[in-house]
Amino acid sequence: MKRIGSRSHLALVLAAVAFVGLSACRAGVDTTSVGGVAEARELSEADVLAAAKTYVPTGRMDEYLMFSSGGHSGQVLVIGIPSMRLLKVIGVFTPEPWQGYGYGAEEHKELMASGEMSGHEITWGDTHHPALSETDGDYDGQFLFINDKANPRIAVIDLRDMETKQIVTDPLMGSNHGGAFVTPNTEYVIEASQYAAPLDGSYASLDEYKDKYRGAVTLFKFDRERGRIDLDQSFSIELPPYWQDLSDAGKGPSAGWMFLNSFNTEMATGGIESGNPPFEAGVSQNDMDYLAIINWEQAADVAAQPGKTVTIQGRRVIPMATAVSEGLLYFVPEPKSPHGIDVTPDGTKMVVSGKLDPHATVYSWEKIQAAIANSQFSGEDEYGVPILDFDAVIEGQLELGLGPLHTQYAPDGMAFTSLFLESAVAKWNYETLELLEKQEVHYNVGHIATAEGDTKSPDGGYLVSLNKWAIDRFHPVGPLHPQNFQLVDISGPEMALLYDSPIGIGEPHYAQIIKADKLNVWTTYPEVGWDPHTMAKAESAPLAGDERIERRGNEVHVFMTAIRSHFTPEHITVNRGDEVVLHITNIELAQDATHGFAIDKHNVNLSLEPGETQTVRFVADRAGVFPFYCTEFCSALHLEMAGYLLVK
Ligand code: RUQ
Ligand code: CUA
């Protein structure tokens with residue numbers, strides 16, 4: 001870390017601004033002046049400056065919001081920048097009790113059930129890459145998508161209420177990684193497989209790897225009106241059994257195309273226990289792997305033509321041979337075990353960095369197009385995919401340092417690349433291919449995110465380094481260390497580390513940072529009786545005066561309202577074996593007047609936000625007396641906001 005100026009110099013500088021007249025003394029420390037506090041806390045001038053740049057006084061708001069993956073927590077984190085304050089943990093693939101997500105509401109049960117895979121209920125996810133929806137290559141603040149690497153799925157979050165609305169599965173893939181990424185107008189949400197497996201989900205021995213195992217990329221069609229992915233309009237493209245990694249969509253001149261890198265072009269199958277080379281060695285033999293260049297716009301046309309696709313596990317798939325014959329799929333060599341692929345803001349260049357190669361390789365879109373037009377191929381791979389000539393399509397290579405992974409952008413040709421092995425961020429210019437500076441980070445940086453960094457007009461200003469290890473940065477909390485998000489000031493000629501932000505759930509991978517004023521977030525639901533699942537007022541929502549209990553055969557329907565500080569009704573009496581259906585509306589529209597609804601010993605807990613209505617259905621299978629109560633401290637008489645479920 002850079003330390004500017006000596007302590008005595010600092011004291012002089014700060015003494016000038018100190019509030020001398022009223023200084024109070026605590027053991028000889030002047031706690032009423034900046035200089036006194038800085039001296040007592042041993043803060044350098046750079047420290048005080050960093051604090052001043054990140055401190056957001058009470059009542060003021062952050063300039064940006066960062067949406068970060070929550071890693072294997074399965075959730076999404078919302079963090080303010082520059083304060084780095086955690087604002088929300090959005091329940092996505094994992095139940096989240098405070099939000100009542102996955103604890104009783106029928107709507108959430110359906111959502112969770114839609115994420116079942118191979119007949120298993122899955123209650124976690126490994127979220128890697130959040131993607132904000134875009135309009136004309138710019139974040140539009142409407143939706144957020146995120147992938148689950150472990151169980152190939154994509155979730156859709158509506159940014160009006162920041163709640164998960166949809167989970168779709170990708171049964172073709174064994175696991176996924178290259179996504180979520182969106183096309184410039186969010187026509188498609190893209191997802192690519194990682195570890196190859198048979199697309200039809202069947203068993204195949206590893207001896208048949210080259211024949212039966214496959215990769216794939218799926219283009220999920222997004223219906224912006226409905227705010228949902230439309231599986232009927234979605235399709236996949238079959239790929240060789242390389243392990244696909246990250247992807248990015250073209251923009252500007254490269255709009256309509258996408259880029260997807262891969263490793264394990266060796267098609268190693270591991271087996272250390274039988275004396276075979278372990279994956280880590282087998283997968284890293286080739287000096288070059290392949291960057292896939294895919295014409296998604298034309299692929300969408302091909303997918304719509306009769307006879308051009310096959311159906312596998314209910315999904316439309318363009319076979320590899322068709323992708324080649326239709327000119328949808330090309331490869332270009334990329335150095336060694338690449339990880340990140342990031343298209344420049346103007347869409348003219350594609351930057352690839354390889355874990356085992358110290359360079360950033362910069363491809364020219366113009367040269368790629370020319371090579372495709374002139375069939376300038378250096379050969380084809382084992383599956384007949386044409387390989388463009390490497391030297392014909394690169395703009396150049398720049399040595400950045402050890403273990404370059406991911407690149408983010410700022411204005412004026414500035415690029416920032418994480419260096420995993422060096423624990424540093426390299427700043428360079430992608431126009432002139434000059435390395436400008438490096439900033440140490442702590443430690444083992446994976447992704448980095450810059451403000452509006454994936455748009456056609458990045459803002460610069462801030463960079464967040466999402467570090468894999470924290471080691472000595474925080475007070476120990478046991479062998480499992482917090483994750484460390486480090487905020488870096490990139491507004492000046494030199495980068496400056498501003499803040500360490502421990503994250504108590506892991507392991508976050510990627511994040512995107514959006515200007516806060518682009519978001520249009522609701523502070524209450526628009527109307528009383530709102531169903532966040534359909535994003536409309538529910539016909540069936542009980543309103544004030546509608547409260548009642550109706551028996552329909554074995555079903556007991558309870559129409560309940562919640563308001564500070566009571567539920568109506570307060571007594572629910574049923575017989576053992578009855579099916580209880582609770583319809584509950586929070587009939588208040590006051591900001592922050594959220595009521596919870598928990599039934600003891602039934603694993604039910606709802607969060608009824610202002611205006612919200614929800615339904616819970618369960619069988620009263622045990623006789624007894626079960627209090628129910630509001631779990632949010634909503635008023636002075638919150639403890640009185642309770643009732644009894646009496647099961648006879
Ligand atoms: S990963 S640390 Cu995006 Cu899943 Cu690179
Ligand atoms: Cu409602 Cu406490």
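Q: What lies over the face of phenylalanine 263, and at what distance from the ring centre?
A: Lysine 355 does, at 4.2 Å from the ring centre. A charge sits over a ring if NZ of Lys or CZ of Arg is within 6 Å of the ring centre and within 35 degrees of the ring normal. This is a predicted model, in which local features need pLDDT of at least 70, side-chain atom pairs count only at pLDDT 80 or more, and totals for chains, interfaces and linings use all residues. Residues are numbered from 1 along each chain as written, chains are lettered from A and ligands numbered from 1 in the order written, and side-chain values use heavy atoms, without hydrogens and water.

Q: Which residue lies over the face of phenylalanine 559?
A: Arginine 548, at 3.8 Å from the ring centre.

Q: How many aromatic pairs does the structure hold?
A: There are 24. Rings of Phe, Tyr and Trp (its six-membered ring) pair if their centres lie within 6.5 Å; planes under 30 degrees apart count as stacked, over 60 as edge-to-face and the rest as tilted.

Q: Why is the pair of phenylalanine 145 and phenylalanine 222 called edge-to-face?
A: The ring centres are 4.9 Å apart and the planes stand at 85°, so the pair is edge-to-face.

Q: What makes phenylalanine 145 count as buried?
A: Its relative accessible area is 0%, and buried means under 20%, exposed over 50%, partly exposed in between (1.4 Å probe, protein chains only). Phenylalanine 222, at 5% relative accessibility, is also buried.

Q: What are the distance and angle of the tilted pair of phenylalanine 597 and phenylalanine 628?
A: The rings are 5.2 Å apart centre to centre, with 45° between the planes. Both phenylalanine 597 and phenylalanine 628 are buried.
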